[in-house]
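Opening my notebook on this one. I'll jot down what I look up as I go.

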Amino acid sequence: MDLTRVPTYVRGLDEQLEGGIPQGDVILIAGKPGTMKSSLGFNILWNNAKQSGVPGAYVTLEQSRDSLLVNMARLGMPIEGLERNISILDLGMIRKKLTQLTDETWLEVFKMYVQNLRKNMNIELMVIDSLPVLEIMAKFKDPRDDLFHFFEWLRDLGVTTMLIAEMDQDSCHFSKNGEDFLADGIIHMDLKREGNNVNLYTSVVKMRKTAHRRGYYPVIYDRKGFEIVSE
């Protein structure tokens with residue numbers, strides 16, 4: 001059975017993923033600080049909008065909308081001309097305005113905004129930056145059970161979702177509450193010291209419904225975008 005796939009537009013990676021991420025799946029982009037996780041997520045969103053007109057949303061929970069757009073423009077991904085296909089949802093700003101809400105209500109407000117984007121823009125892609133911050137803001141009472149239902153809610157939306165997952169500096173674990181088991185795929189971004197340089201690496205730890213390689217590959221980012229270097 002052929003699957004519809006969402007290209008990552010990372011040169012050398014889509015060929016290893018049978019064309020890209022399975023449509024509708026929930027993917028973790030995990031890594032320690034400074035590994036360009038957010039940039040990779042935005043790259044996927046931006047290129048799908050630019051190359052194929054696919055509508056998507058970037059949900060930022062900490063960084064402001066303006067700061068995000070400035071940083072992405074400096075990386076060669078300006079939003080100008082793509083406003084109809086890329087929506088930036090700044091939940092940090094919304095959070096400031098909703099200080100009187102209960103914890104449960106905050107998550108419902110989050111879902112309402114996303115459902116409105118799905119209905120009004122018919123978004124097909126979404127990046128949530130980041131999952132640990134969302135968990136803190138929602139204050140799940142039973143994280144494993146609540147996250148199970150949250151992941152199922154994402155899948156029911158029918159939107160291919162990339163969750164940015166921040167790893168602790170001294171940890172090799174991709175998550176704390178079983179998110180790595182709940183996710184359909186994990187793309188790991190990593191930094192490796194080589195001589196006087198600190199270089200970027202990536203690996204596809206898992207990707208359901210996909211025969212993929214499990215290599216650990218150097219990553220190059222330039223004005224043409226992301227590229228993995230494989231033998």
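Where does Ser130 lie? I find Ser130 in the loop between strand S6 (125-129) and helix H5 (131-138); helices (H or I, at least four residues) and strands (E, at least two) are DSSP runs, numbered from the N terminus. The peptide bond leading from Asp129 into Ser130 is cis, with omega near 10 degrees.

A note on the source: this is a predicted model, where local features need pLDDT of at least 70, side-chain atom pairs count only at pLDDT 80 or more, and totals for chains, interfaces and linings use all residues. Residues are numbered from 1 along each chain as its sequence is written, and side-chain values use heavy atoms, with hydrogens and water left out.

Next I checked strand S5 (residues 86-90). Five of its five residues are buried, so S5 is largely enclosed by the rest of the structure (buried means under 20% relative accessible area, exposed over 50%, partly exposed in between, with a 1.4 Å probe and protein chains only). Ile86, Ile88 and Asp90 point one way, Ser87 and Leu89 the other. In a regular strand the side chains alternate between the two faces of the sheet.

Then I looked at pairing. Strand S4 (residues 56-60) runs parallel to S5 over five bridges; two strands pair if DSSP finds at least two bridges between them. Tyr58 has Ile88 as its bridge partner in S5.

Last, positive phi. Glu18, not a glycine, has a phi of about 55 degrees and is partly exposed at 47% relative accessible area. Lys139, also no glycine, has about 50 degrees and counts as exposed at 53%.
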